[in-house]
Amino acid sequence: MKLSLNWMLLLWAILFSDNVFASDSTVLYKQLNKFFPGIQIVSMPSQQPFVLVWKLMIPQYLHHEDTSVGKFMQQVFVYHRGFKKPNVMVTEGYEIKDRVYEPTLMLDANQISIEYRFFGESVPSKMDWSLLNHHQAMEDYKKIQDALRKIYKKCWLVTGISKGGTTAALYSLTYPTSVQATMAYVAPFPVAQEDSRTIEHYKMKVGTPDCRRKIQQFQRTLLMHREALKPKLMELAKSEQVQFTIGLDQVIDYASVEYPFSFWQWGFGCNTIPGERASIDEIFEHIEEVVDFNYYDDKTILQLLPAYYQFLTEYGYYGFDTTGLSDLLVTSHLSNLNFCPKDADLSYHGEYMQSMRHHAEHMSHNIIYIYGGADTWTSCAVDLKPTSNAIKLVLYQGGHRTRLRDFQEHDRNTVYKALRKWMKAKVDPLPY
């Protein structure tokens, strides 16, 4: 029986692809074990266009200058296309996400996503909060990349979103010869424990005066319906099996003062704000969409402990404006410090971020910064100086979800051209 040419070609392609998978899988497994003694490797569901997707747990020093302190296991996802492909390192700012990033698609690249220390599954058996800092995190990423560069020898780009975007820029600024390019998405550089520029942004610089008044009126409406909202919160807690140990009054107070920050961060429009005659259901659902009451349940607060600690001791964060609300608030002092670990020193040390912000503005090399114009965090964006060769794109009215795909073709082409020059690799336009 003779096979048609098409069937022969299909059979050859299947056999070839299986051989490539088997070959790459064997080589990668051996190399990972060689360069990361004690590594744990778990296969994940396959994803196109990757040959394989693996979850790694890599032994990492808790203190890179004092290795006697011990180790923890750091979670890494490897999305493998091939050993001769470009490489994208994702510096997650929090726990790891199983997602493929824009630069990976543009470069047809391998992607290595690295969970930030002390988040998600990358948690030591005993928490020493003082070791959760940028310096130790940079060393984590450097150790992993140095080993992987012996396996993946083509060009490297580092990228991240939000805190992860700042982390990507910090890595590039700290180790400029380790990567050829950087794409930092919505990456803030706060310079205070509660950076006042965030409040200035939503009080004076974004939206219209009428819209800003409407936002504050809704904050008051929320607080005035406090007692009617409490049964809704109790229903939520029961249906989702969560607890609000901080108390329902505090949940409502925090949601009200958080509202303007989140409203602009996530890019909502003024026409979505319920009016003064809105029903309790409308008020509740709107806060659920913009702020999310679950932000204040015990499980979420516990999950975000590392973030709050690093924000308020080193990274910088935001505070709350209670102007025009004080007569309706129950909680005497509203601060994100209340969500930090109770057994940690919460002194703020801003020297690192202040220094790195200066470096970012004056010495960013081959970095693309992408921001949303309405996003509250853009108030803390870098202000690039002529000494930098970086690119900064700001999407008018864009929120914290702003990505390169949201820009006009001219801006996207500017990025493609820069990446081709910096990476010396083929760069395809985004497929959407």
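Reader: How do you know whether Lys424 counts as buried or exposed?

Author: This is a predicted model, and the values are computed from it. Exposed means over 50% relative accessible area. Lys424 has 72% relative accessibility, so Lys424 counts as exposed. Lys424 is placed in the segment after α13 (409-423).

Reader: What is the phi of Lys424?

Author: Phi of Lys424 is near 55 degrees, a positive value in a residue other than glycine. Asp292 also has a positive phi, near 80 degrees. Asp292 sits in the loop between α9 and α10.

Reader: What makes Cys211 and Cys270 a disulfide?

Author: The two cysteine sulfur atoms must be within 2.5 Å. For Cys211 and Cys270 the S to S distance is 1.4 Å, so the pair meets the rule. The count by this rule is one disulfide. Distant parts of the chain are linked by the pair: Cys211 is in helix α6 (residues 209-224), and Cys270 is in the loop between α8 (248-265) and α9 (280-290), 59 residues apart.

Reader: Why is the disulfide of Cys211 and Cys270 called left-handed?

Author: The torsion about its S-S bond is about -60 degrees, so the disulfide of Cys211 and Cys270 is left-handed.

Reader: Which label, buried or partly exposed, goes to Cys211, and which to Cys270?

Author: Buried means under 20%. Cys211, at 6% relative accessibility, therefore counts as buried. Cys270 has a relative accessible area of 24%, so Cys270 is partly exposed.

Reader: How far from Cys340 is the nearest cysteine sulfur?

Author: The nearest cysteine sulfur to that of Cys340 belongs to Cys380, 17 Å away, and Cys340 is in no disulfide. Cys340 counts as buried because its relative accessibility is 2%.

Reader: What is the relative accessible area of Cys380?

Author: The value for Cys380 is 0%, so Cys380 is buried.

Reader: What is the omega of the cis peptide bond that joins Gln48 and Pro49?

Author: Omega is about 5 degrees for the cis peptide bond between Gln48 and Pro49. Pro49 lies in the loop between β1 (40-43) and β2 (52-61).

Conventions:
Residues numbered from 1 in each chain as written. Predicted model: local features only at pLDDT ≥ 70, side-chain atom pairs only at ≥ 80, totals over all residues. Heavy atoms only, no water. Helix = DSSP H or I, 4+ residues; strand = E, 2+ residues; numbered from the N terminus. Buried < 20%, exposed > 50% of the residue type's maximum accessible area, 1.4 Å probe, protein only.
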